[in-house]
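Open the model in your viewer and keep the selection tool at hand. We will begin with the whole chain and then visit single spots.

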Amino acid sequence: MAEFNTIDDFDIENKTVLVRVDINSPVDPGSGIILDDTRLKLHAQTIKELSKRGAKVVLLAHQSRPGKKDFTTLSQHADALSDILNLRVKYIDSIFANVAKEAIRDLKPHEILLLENARFFSEESLSRTPEEQSKTLLVRHLSPLIDYFVNDAFAAAHRSQASLVGFTVNTPSAAGRVMEKELTVIQDALDNVQHPCVFLLGGMKPDDSIDVMENVLSNGTADAILTTGIVGNIVLWASGADIGQVNKDFIVSRGYEDMVEKSRDLIERFGDKVKYPIDVACEIDGVRVDIDASQIPNEAIFDIGAKTIDLYAKEIRDAKTIFANGPAGVFEDPKFAIGTEDLINAIANSDGFSIIGGGHIAAATVGLGCDNQMSHVSSGGGACISMLAGKKLAAVEALKNSKK
């Protein structure tokens, strides 16, 4: 028996279904125009299926967070969804005021309504237990109006916020198609891993990546960890290399100094399974220069070097399973995109089963047109890396508890 319900488990015809989607998208701060509709397209399958089966579909979503330039209404998202679905998506600039409740009550089967940005509601930013979240105004106001709750927001599944976990306490709940696929594919890959298995870990969140390293090395999932980005710089420092004061200061300023000690411990315990750059790329006089790891000057490291790319590409070619999370360097600058792009190409051309872990590396993969050559490109960086680290996802646990 499955651990959680899916939309196959409910008769939703003529029923009101609240669907939590994650359509948080890059938005041009000047024009308000959505710059990338990848997430909207992903959720289209779930929304279209529910509508086709005769549900009255109410969508709940967020966009950015307070204080950010792209923290805005979901009016644009409704228009974009309407185009993608080829169905009208009504939009209302309210979450649970009377006008929103009336709009929900007035819905007819097959119709779709998008409520306002859930993060306009201040309690949404609080992380609390499902029981506590079930008592929030959002959940108390909307619960009486709905028959089912469907959580399709895998990208936010590691958060325990009201719109993600609160409805599961008192409303029959299920995973949507995006959530179902993500959990099935990633968990199946972890449970039935083919060896050799390689993890490529980079990006700007080393605490998450080092938790993944610890988990997959300790349980025997990984045969090699290839580190890049700030993760690679931390592990390189931990190995005894002098990475230059400017790079040490950056790591300390971000509060990641304790990650150096953790990495040192992992190198001692797991030896050459933990790989780190043998050369790095810095910018000197406006030009990319690849420098041996034993001779790093006091200059900021922006990418892995060519020798490291070759070394890592060989590991990737020989692997039967590849998990990748985080870019190799400052890939927004073409001079320092080489590491990220070459390693994505190596994964795309490998025979191994590959999972790209969301976020920036997923965007880079799509940008290179390599997404169709990957076994799975995850929609959620934070949620995916939490799964790889062996952590439970709050929203998924809430769905499981709802089924019990």
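Show the cartoon first. The protein has 16 helices and 15 strands. Helices (H or I, at least four residues) and strands (E, at least two) are DSSP runs, numbered from the N terminus. The radius of gyration is 22 Å, close to the 22 Å that the globule rule gives for 404 residues, so the protein is as compact as a globular protein of that length. That radius is taken over C-alpha atoms, and the globule rule is 2.2 Å times the number of residues to the power 0.38.

Two notes before moving on. This is a predicted model, where local features need pLDDT of at least 70, side-chain atom pairs count only at pLDDT 80 or more, and totals for chains, interfaces and linings use all residues. Residues are numbered from 1 along each chain as its sequence is written, and side-chain values use heavy atoms, with hydrogens and water left out.

Zoom out. Along the principal axes, the C-alpha atoms fill a box of roughly 70 × 50 × 35 Å. Now colour by burial: 54% of the 404 residues count as buried. Buried means under 20% relative accessible area, exposed over 50%, partly exposed in between (1.4 Å probe, protein chains only).

Two strands pair if DSSP finds at least two bridges between them. Next, pick strand 14 (residues 353-356), which pairs with strand 15 in the parallel sense over 2 bridges. Click I355: its bridge partner in strand 15 is H376.

**A cis bond**

Go to P196, in the loop between helix 7 (177-191) and strand 7 (197-201). The peptide bond from H195 to P196 is cis, with omega near 0°.

**Two positive phi angles**

Which loop holds H110? Look between helix 3 and strand 4 (112-114). H110 is not a glycine, yet its phi is positive, about 80°. With a relative accessible area of 45%, H110 is partly exposed.

Now select D285, in the loop between strand 10 (279-284) and strand 11 (287-292). Phi of D285 is also positive, near 55°. D285 counts as exposed, at 77% relative accessibility.

**Last stop**

Select N98 in helix 3 (residues 98-105). N98 is exposed, at 60% relative accessibility.
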